[in-house]
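This report goes through the helices, the loops and a few selected residues of one protein model. The structure comes first, and the text then follows it element by element.

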Amino acid sequence: MWDSETENMSAGDFETEMQEWLNAFKKCKPKFLYDRCNDFKYPISPDQQIWMAMLLNQAWIDLGLKKYAHMMPEELITELSVEQLFGEFFNLQLDNQFEIENFSDKDKALAWLYVEESALTSK
């Protein structure tokens, strides 16, 4: 979960946060990721988009991520940088790429994230 203070982050702060996020992910190994970025205000530069895709995408695939529900930032510039970031994920053309969907509604995001899992466990 991000807050509006991200507007004041430096590039180094952002990269440190991404490294810490990856370390937490390695410990938890979730199959489903819900990322609330409504208040995220840090514009991810094109170089950081590529760096982040290289840092996270293969690691998340290797750790078993299946679905990533992403709540879009409200600011246009930040929203565009996040959309470009996810484009970089798919440009890597990795095997077993997890699904990524962007949402503006939390209930829809959670429903999408868990619909398949619920169907499998109810059988």
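Is Glu99 buried, partly exposed or exposed? The relative accessibility of Glu99 is 37%. Because the partly exposed class lies between the limits of under 20% for buried and over 50% for exposed, Glu99 counts as partly exposed.

## Basis and strand β3

The model discussed here is a predicted one. Glu99 belongs to strand β3.

## Helix α1

Helix α1 is made of 18 residues. From first to last C-alpha α1 reaches 26 Å, close to the 26 Å expected at 1.5 Å a residue. Its buried residues are Phe14, Met18, Leu22 and Phe25. These cover an arc of only 80° around the axis, so they sit on the same side of α1. The partners against which the buried residues of α1 pack are β1 and α2.

Directly after α1 comes Lys29, with a positive phi of about 50°. Lys29 is not a glycine, despite that positive value. Its place is the loop that runs between α1 (11-28) and β1 (32-36).

Two residues of α2 are described here. Leu55 is located in helix α2 and is buried, with a relative accessible area of 17%. When residues up to four places away in sequence are not counted, Leu55 touches Met18, Gln19 and Leu22. The C-alpha atoms of Leu55 and Trp21 are separated by 11 Å, and the two residues are 34 residues apart along the chain.

Leu56 is likewise a residue of helix α2. With a relative accessibility of 0%, Leu56 counts as buried. Beyond its neighbours within four places in sequence, Leu56 is in contact with Met18, Trp21, Leu22 and Phe89. For Leu56 and Gly12, which are 44 residues apart along the chain, the C-alpha separation is 17 Å.

## Helix α3

Helix α3 covers residues 76-91, which is 16 residues. Its reach from first C-alpha to last is 22 Å, close to the 22 Å expected at 1.5 Å a residue.

Ile77 is part of helix α3, and its relative accessible area of 56% makes Ile77 exposed. Together with Leu76 and Leu80, Ile77 makes a nonpolar surface patch of about 300 Å².

Gln84 is also found in helix α3. What is its accessibility class? Gln84 is partly exposed, at a relative accessible area of 45%. Gln84 and Ile50 are 34 residues apart in sequence, while their C-alpha atoms are 9.3 Å apart in space.

## The loop after α3

Following α3 is Gln93, which has a positive phi near 50°. Another residue with positive phi is Asn96, where the angle is near 60° and the residue is other than glycine. Asn96 is placed in the loop between α3 and β3. Its relative accessibility is 65%, so Asn96 counts as exposed, the cut-off for that class being over 50%.

Technical notes: Residues numbered from 1 in each chain as written. Predicted model: local features only at pLDDT ≥ 70, side-chain atom pairs only at ≥ 80, totals over all residues. Heavy atoms only, no water. Helix = DSSP H or I, 4+ residues; strand = E, 2+ residues; numbered from the N terminus. Expected span 1.5 Å × (residues − 1). Patch = residues over 30% accessible without salt bridge, like charges linked within 9 Å, V, L, I, M, F, W, Y side chains within 5 Å. Areas by Shrake-Rupley, 256 points an atom, 1.4 Å probe, with all protein chains shown as cover. Salt bridge = Lys/Arg side-chain N within 4 Å of Asp/Glu carboxyl O. Buried < 20%, exposed > 50% of the residue type's maximum accessible area, 1.4 Å probe, protein only. Contact = heavy atoms within 4.5 Å. Arc of directions from axis to C-beta.
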